[in-house]
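Q: Walk me through the side-chain pairings here, please. I'd like to know how to read them.

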Amino acid sequence: MAENSIATPMGRSLQAQSHGLTKSALMYPIFITDEPDAKIALGGMPNQYRWGVNRLEEFLRPLVERGLQSVILFGVPVRKEKDPVGTLADDPEGPVIAAIRKLRELFPSLYIAADVCLCEYTSHGHCGILLEDGRIDNPKSIARLADVAVAYAAAGAHCVAPSDMMDGRIRAIRDGLTRAGLEDKTTLMAYSAKFASSMYGPFREAAGSAPSFGDRRCYQLPSNARGLARRAIVRDVREGADIIMVKPGMPYLDILGDARELAPDHPRAVYQVSGEYATIHAAAAAGTGALRAFVEESMTSMIRAGASLILTYFTPELLQWLDEPRPL
């Protein structure tokens with residue numbers, strides 16, 4: 001990791017060895033729409049919303065005051081027409097860049113990550129640029145993703161997080177940040193082991209990112225591909241990733257353990273995805289156990305497997321629970 005990219009308190013805390021859940025280990029994923037005053041409930045994700053930039057202060061200030069240290073932004077454009085190359089991804093007036101600038105102004109100590117992908121912005125809903133026959137054009141895709149990552153970094157993102165799974169995109173983004181003079185100011189968090197999971201449904205509804213044809217199994221990892229996941233982790237480390245991520249979380253804790261073995265000196269992130277979040281809520285609502293107990297046990301499993309950072313929609317509840325005595 002470049003020296004200046006850990007100049008923030010959050011950046012430094014990610015380098016520390018942790019043996020328990022702390023507030024600094026939580027990153028809150030939030031959906032930003034280009035409707036400035038929006039607050040839109042997400043049907044498949046209880047207590048989660050799409051937020052307009054003008055509503056971010058009322059939404060996040062209580063959480064920052066409670067100890068929120070980091071967020072990751074996902075853009076949801078609805079007012080402009082999408083195109084095949086995802087032009088809206090780095091629109092200077094688009095939701096992510098507008099939100100980065102607003103949050104840097106409102107909360108100078110908040111660590112801001114930006115998801116880098118094209119699926120929310122392309123007319124076809126895939127994570128890269130397509131050839132005429134519908135296959136991914138990898139060279140054009142990684143060049144486009146690098147441009148988007150640099151735009152987010154230039155707008156003030158502390159961290160860019162490519163989630164597309166295109167081959168070679170970590171090196172392309174690293175090179176792009178270097179050419180732009182942003183390498184020492186921006187952390188690169190790679191979705192290194194992202195699996196083709198059945199647990200993304202609520203997210204795709206929230207982000208409007210479902211593919212219009214086919215699926216993403218040609219570039220996301222098969223669920224049984226442990227060896228391929230290990231190679232992807234090693235590849236991303238060699239290409240210059242600062243943080244390694246595994247996604248989803250609980251079904252892939254063995255892969256998180258592998259990341260600890262393969263990249264022992266790198267911070268390791270894990271994403272507790274929308275399907276995990278919805279499942280835990282449904283189990284608690286059905287009376288099979290207490291929500292807090294379910295959530296805390298899931299967090300413990302991820303920390304035990306080697307997570308330094310957990311992306312979870314339960315962040316608001318955990319910020320409160322970490323200040324309260326644990327129920328007997």
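A: Start with labels: helices (H or I, at least four residues) and strands (E, at least two) are DSSP runs, numbered from the N terminus. This is a predicted model, where local features need pLDDT of at least 70 and side-chain atom pairs pLDDT 80 or more, while totals for chains, interfaces and linings use all residues. Residues are numbered from 1 along each chain, and side-chain values use heavy atoms, without hydrogens or water.

Q: How many salt bridges does the structure hold?

A: A salt bridge puts a side-chain nitrogen of Lys or Arg within 4 Å of a carboxyl oxygen of Asp or Glu. The structure holds 18. In one of them, Arg 292 meets Glu 296 at 2.8 Å, N to O. Those two sit 4 residues apart in helix α10 (residues 291-305), so about one helical turn separates them.

Q: Is Arg 292 buried or exposed?

A: Buried means under 20% relative accessible area, exposed over 50%, partly exposed in between (1.4 Å probe, protein chains only). Arg 292 is buried at 12%, and Glu 296 is buried at 11%.

Q: Which residue forms a salt bridge with Asp 323?

A: That's Lys 23, with the closest N and O atoms 2.9 Å apart. The pair links distant parts of the chain, 300 residues apart: Asp 323 follows α11 (315-321), and Lys 23 is in the loop between α1 (9-13) and β1 (26-33). Asp 323 is exposed at 53%, whereas Lys 23 is buried at 18%.

Q: How many disulfides are there?

A: The cut-off is a pair of cysteine sulfur atoms within 2.5 Å, and the structure holds 0. The sulfur of Cys 117 has its closest cysteine sulfur in Cys 127, 3.5 Å away, which is too far for a bond.
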